[in-house]
Amino acid sequence: MTEIDAKTEALVPAWLTLPDVAEKLGVEVTRVRQLVKEGQLIAVRREAESGNRVLQVPAAFIGEGRIVKGLAGTITLLKDDGFSDEEMLEWLFTEDESLPGSPVTALRENRGTEVKRRAQALAV
């Protein structure tokens with residue numbers, strides 16, 4: 001769980017607090033914290049409407065009642081490549097003309113195989 005810079009902040013269009021993620025997934029907040037700890041989600045500290053810095057997850061990571069298919073595996077591949085949370089967010093949300101779109105958009109559209117192939121190629 002890290003802080004992010006303005007560039008990464010600008011790439012991610014919408015964020016959810018951990019209680020919001022828990023509600024969308026139908027689980028307790030403690031389970032969401034465990035998902036972050038296990039590397040199935042990336043959470044960063046951001047300023048909330050209250051002015052406090054709270055953990056938040058990109059809204060694009062949550063689909064219809066579940067984590068977007070292929071996200072956890074992609075996060076694992078990127079971590080194995082030595083990416084920090086901030087670098088993973090930047091990679092996931094940066095447009096890639098060869099996909100087309102960003103890797104997170106491709107995952108949401110069930111094109112995870114191509115995303116994982118690109119993530120694996122980063123290690124080479």
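This is a predicted model: local features need pLDDT of at least 70, side-chain atom pairs count only at pLDDT 80 or more; totals for chains, interfaces and linings use all residues.
For helix 4 (residues 71–80) and helix 5 (residues 85–93), the angle is about 125 degrees and the axes sit 10 Å apart. The crossing of helix 4 and helix 5 is right-handed. On the helix 4 side, the contact is made by Leu71, Thr74, Ile75, Leu78 and Lys79, while helix 5 brings in Asp85, Met88, Trp91 and Leu92. Sorted by class, that contact has six nonpolar, one polar and two charged residues.

Helix 4 also packs with helix 7 (residues 112–122), and here the axes come within 9 Å and cross at roughly 10 degrees. Helix 4 and helix 7 are therefore roughly parallel to each other. Gly73, Thr74, Leu77 and Leu78 of helix 4 meet Val115, Lys116, Ala119, Gln120 and Leu122 of helix 7. By class, this contact has five nonpolar, three polar and one charged residues. Thr74 and Leu78 turn up in the contact with helix 5 and again in the contact with helix 7.

As for open space, the largest pocket holds about 180 Å³. Its lining takes in Gly63, Glu64, Arg66, Ile67, Val68 and Lys69, along with Leu107, Arg108, Glu109 and Asn110. Five of these lining residues are charged, three are nonpolar and two are polar.

Note on methods:
Residues are numbered from 1 along each chain as its sequence is written. Side-chain values use heavy atoms; hydrogens and water are left out. On a 1 Å grid over the protein atoms alone, a cavity is a set of points where a 1.4 Å probe fits but cannot get out, and a pocket is an open set with protein on both sides within 12 Å along at least five of seven lines; lining residues have an atom within 4 Å of a point. Grid points are joined across faces, edges and corners, and a volume is the space filled by probe spheres set on the points. Ala, Val, Leu, Ile, Met, Phe, Trp, Tyr, Cys and Pro count as nonpolar, Asp, Glu, Lys and Arg as charged, and the others, Gly among them, as polar. Axes are lines fitted to C-alpha atoms, for helices over the stretch in contact, and angles run from 0 to 180 degrees between N-to-C directions. Helices (H or I, at least four residues) and strands (E, at least two) are DSSP runs, numbered from the N terminus. A crossing is left-handed if the near helix is turned anticlockwise from the far one by less than a right angle, and right-handed if clockwise. Contact means heavy atoms within 4.5 Å. Angles under 35 degrees count as roughly parallel, over 145 as roughly antiparallel, 65 to 115 as roughly perpendicular and the rest as oblique.
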